[in-house]
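Please look over the sequence and the structure shown here before reading on. The notes after them are meant for a reader who is meeting this structure for the first time.

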2 protein chains.
Amino acid sequence: MSGQAQEKSAQESAQRVYAVMRRLVLEADDRKQRVAEALGMSFSRAKALRLLAEGPLRMRELTSRLMTDKPYTTLVVDDLEGRGFVVRSLDPDDRRCKVVTLTEAGREAAARATGILTTPPAELAALPPEDLADLDRILGKLH
Amino acid sequence: MSGQAQEKSAQESAQRVYAVMRRLVLEADDRKQRVAEALGMSFSRAKALRLLAEGPLRMRELTSRLMTDKPYTTLVVDDLEGRGFVVRSLDPDDRRCKVVTLTEAGREAAARATGILTTPPAELAALPPEDLADLDRILGKLH
DNA sequence: GCTTATCGTTGTAGTGCTATAACTGTTACA
DNA sequence: TGTAACAGTTATAGCACTACAACGATAAGC
């Protein structure tokens, strides 16, 4: 096979591979809904919880990480605070800022969401262990 | 390695693999937006166009494939028809039904959307050809 | 032929998110 | 010290999508 033909076939492979990945992950459209149902809140709230599970954030940081705007962040945090999943506290270093921190209940909810979102589809998990090891090795190269 | 340990490690692999897939595909959140911008319409319209690119559908079928309800399908098709991307015609076999068919312009728009959505991320396409061939072979087993 | 069901349409209401402006309290800087 | 900038909140309006009820036209079944 010529170099060009090899390159072409590699790009076709990439396209097929990406199509399968899309199918596997977009079955996750359904998962967003499952998370929303499991936690009794819209998915964007769950997303905020999962972000905060990595550590407390100022409102401003949360806004930027959620790719939203300040007023909506206020709304989301109001809601999460009302449910007892987060607390707001003043940042001692800058009294303009408020720091949002997960409560224990919030941490549990975030973990539940993460569990639902990160569990691989049965189809994928059912591949032979050698195949999974190969996928793991190859995709591990990406960062 | 014992059978149990092997099984455990396989499931851990699956989880890591799925996490990478999620990251690659959900970079596609951005792609939905890019499609919407490129076509100047909301993503759900583009989804309808892509469905119709496989062949004409009755309103009822479109509703079911888009997982939406009848009134919204009417709205979407009204919009697409107004843009000259689809035409409605009476189904000769059942005069209650209307068949929605892509126009040439609609076909082009659908192709543009598909191009944006199915192009593999550069990161993935840049893997060595052997790796892409392996991924292709393994993921090809899934259906 | 009459009833029942289906297809598409219209209308209305509600949800979740986005966008913008205005305001308060706090900080930074000239 | 006075001015500008920033963090967060409130209020308002709009968009995309969902959900439900009702209607006319057509088809199917008894």
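The model is a predicted one. Chain A and chain B bury about 4100 Å² between them, and 20 residues lie around DNA strand D.

**Where chain A and chain B meet**

- The contact draws on 43 residues from chain A and on 43 residues from chain B, and carbon and sulfur atoms give 67% of the area of about 4100 Å² that is buried there.
- Within chain A, the residues that lose the most area to chain B are Y18(A), V25(A) and L142(A), which together account for 16% of what that side buries.

**Polar and charged links between the chains**

- Four salt bridges are counted between chain A and chain B, and a salt bridge joins the side chains of D131(A) and K141(B), with a distance of 2.5 Å from N to O.
- Between the two chains, eight residue pairs are in polar contact, counting pairs in which both residues have pLDDT 80 or more.
- On the side of chain A that touches chain B, at least two residues each are supplied by α1 (3-26), α2 (29-39), α6 (104-118), α7 (122-125) and α8 (129-139) of chain A, and α1(A) gives the most, with 15 residues.
- Sorted by type, the residues on that side of chain A comprise 23 nonpolar, six polar and 14 charged ones.

**The protein surface near DNA strand D**

- Of the 20 residues around DNA strand D, those that come nearest are R60(A), T74(A) and R88(A) from chain A, together with Y72(B) and R96(B) from chain B.
- At least two residues of this surface come from each of α4 (59-65) and α5 (70-82) of chain A and α3 (43-52) and α5 (70-82) of chain B, while α5(A) provides the largest share, which is three residues.
- The residues of the surface near DNA strand D include eleven charged ones, alongside five nonpolar and four polar ones.

**Contacts with the DNA backbone**

- Among the atoms of DNA strand D that lie within 4 Å of the protein, 69% belong to sugar or phosphate, and the rest belong to bases.
- From chain A, a backbone N or O atom of K98(A) lies 3.0 Å from a phosphate oxygen of DNA strand D.

Key: Residues numbered from 1 in each chain as written. Chains lettered and ligands numbered in written order. Predicted model: local features only at pLDDT ≥ 70, side-chain atom pairs only at ≥ 80, totals over all residues. Heavy atoms only, no water. Contact = heavy atoms within 4.5 Å. Buried area = accessible area lost by both parts, 1.4 Å probe. Polar contact = N/O pair within 3.5 Å; in protein donor to acceptor, adjacent residues only side chain to side chain. Helix = DSSP H or I, 4+ residues; strand = E, 2+ residues; numbered from the N terminus. Nonpolar A, V, L, I, M, F, W, Y, C, P; charged D, E, K, R; others polar. Near = heavy atom within 4 Å.
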